[in-house]
Amino acid sequence: MKIALITGATSGIGAACAHLFAAQGYQLILVARRENLLTTEAKHLADKYAVEVKTLVADVRVQEELTSGLEALPEEWKSVDVLINNAGLSQGLDPIDKGDTGDWDRMIDTNVKGLLYVTRIVSNWMTTHKKGHIINIGSIAGQEVYPNGNVYCATKHAVDALNKGMRIDLLPHGIKVTAINPGMVETEFSKVRFKGDEDRAKQVYDGLEPLMANDIAEAIWFAVSRPAHVNINDMLIMPAAQATAAIVKRN
Ligand code: NDP
Ligand code: 8X3
């Protein structure tokens, strides 16, 4: 039985991955902050797919909480085959001279430092077991910079660099590392970016067909299910209606 650890599993891409990996028979370790959602989802997946699911209610920004929660897992659960570093968010869309420094902290602490804290522990388990595949969820924002995207784009450029660095450092241990870089995906992402402003969030997808979370989960599964000698270094996946981060075709 294989094990996948997915961060940010209560919504969007992470939740879609949890379903897809459970459907493929993986045991799951699901990490997120919203306990009710996490518990309900874990029970649903365990019942539907007859797989074991562990949950860890943790904020990836809080290193002590995260570390103690992961280290408390039973030893056999530390033999993780796939880590999906997915937990992440955008906060605000403001020019650099008007940005909220609290927003900047939340993005940097979650998208960069949180990803690192999880990777520090799980990559160490992987090197011990001499197997594993790390999937880092980057973004088109890690390949391009768009107006007012400044700090969010910086965090995703950092994920791109870390993805490359992980691949180099973990190569001697036979661990695969893949970046999945989506364009617009309709999830809770825009609602979180605009702090609950549903109207503003909806405008992001007005008049175009965005990607859905499952489109990204399927791309991740493609990367994970390649033969042992093949690694997908990175994948940039866009809606057909989006040419670049800032250029979209609306009806
Ligand atoms: P969602 O907002 O739908 O999901 C984000 C998930 O991350 C939630 O499960 C949330 O759970 C979790 N999360 C956020 N902060 C923390 C934290 N501090 N600790 C633990 N879990 C956390 O967004 P998406 O599914 O769209 O986003 C997933 C990833 O995809 C992110 O890294 C995002 O940057 C990236 N991405 C998204 C795109 C899009 O257009 N949607 C495009 C490109 C990349 P909870 O609140 O319960 O903790
Ligand atoms: C999310 C996509 O274009 O809003 O990473 O940055 S975008």
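Predicted model: local features only at pLDDT ≥ 70, side-chain atom pairs only at ≥ 80, totals over all residues.
Me: What share of the residues in the protein chain is buried?
Reply: A residue counts as buried when its relative accessible area is under 20%, and Phe21 at 0% and Tyr26 at 6% are examples. Over the 251 residues of the protein chain, the buried share comes to 50%.

Me: How are the rings of Phe21 and Tyr26 arranged?
Reply: Four aromatic pairs are counted in this model. In the pair of Phe21 and Tyr26 the ring centres are 5.0 Å apart and the planes stand at 80°, and because planes over 60 degrees apart are classed in this way, the pair is edge-to-face.

Me: How many residues apart in sequence are the parts that the pair of Tyr26 and Trp221 ties together?
Reply: The rings of Tyr26 and Trp221 have centres 5.9 Å apart and planes at 90°, so this pair is edge-to-face. Ring pairs link Phe21, Tyr26 and Trp221 into a cluster. Since Tyr26 lies in the loop between α1 (12–23) and β2 (27–32) while Trp221 belongs to helix α8 (residues 213–224), the parts tied together are separated in sequence by 195 residues.

Me: Over the ring of which residue does the charged end of Arg226 sit?
Reply: A charge is taken to sit over a ring when, among other conditions, CZ of Arg is within 6 Å of the ring centre. The charged end of Arg226 meets this at 3.9 Å from the centre, and the ring in question is that of Phe222.

Me: What percentage of the area that ligand 2 exposes when taken alone does the protein bury?
Reply: Ligand 2 is surrounded by Ser139, Ile140, Ala141, Tyr146, Tyr152, Phe189 and Arg193. An oxygen atom of ligand 2 is 2.7 Å from an N or O atom in the side chain of Tyr146, and for the side chain of Tyr152 the corresponding distance is 2.6 Å, while for that of Arg193 it is 3.5 Å. Taken alone, ligand 2 exposes 240 Å², and the part of this that the protein buries is 86%.

Terms used: Residues numbered from 1 in each chain as written. Chains lettered and ligands numbered in written order. Heavy atoms only, no water. Phe/Tyr/Trp six-rings, centres within 6.5 Å; stacked < 30°, edge-to-face > 60°. Buried < 20%, exposed > 50% of the residue type's maximum accessible area, 1.4 Å probe, protein only. Helix = DSSP H or I, 4+ residues; strand = E, 2+ residues; numbered from the N terminus. Lys NZ or Arg CZ within 6 Å of the ring centre and 35° of its normal. Near = heavy atom within 4 Å. Polar contact = N/O pair within 3.5 Å; in protein donor to acceptor, adjacent residues only side chain to side chain. Areas by Shrake-Rupley, 256 points an atom, 1.4 Å probe, with all protein chains shown as cover.
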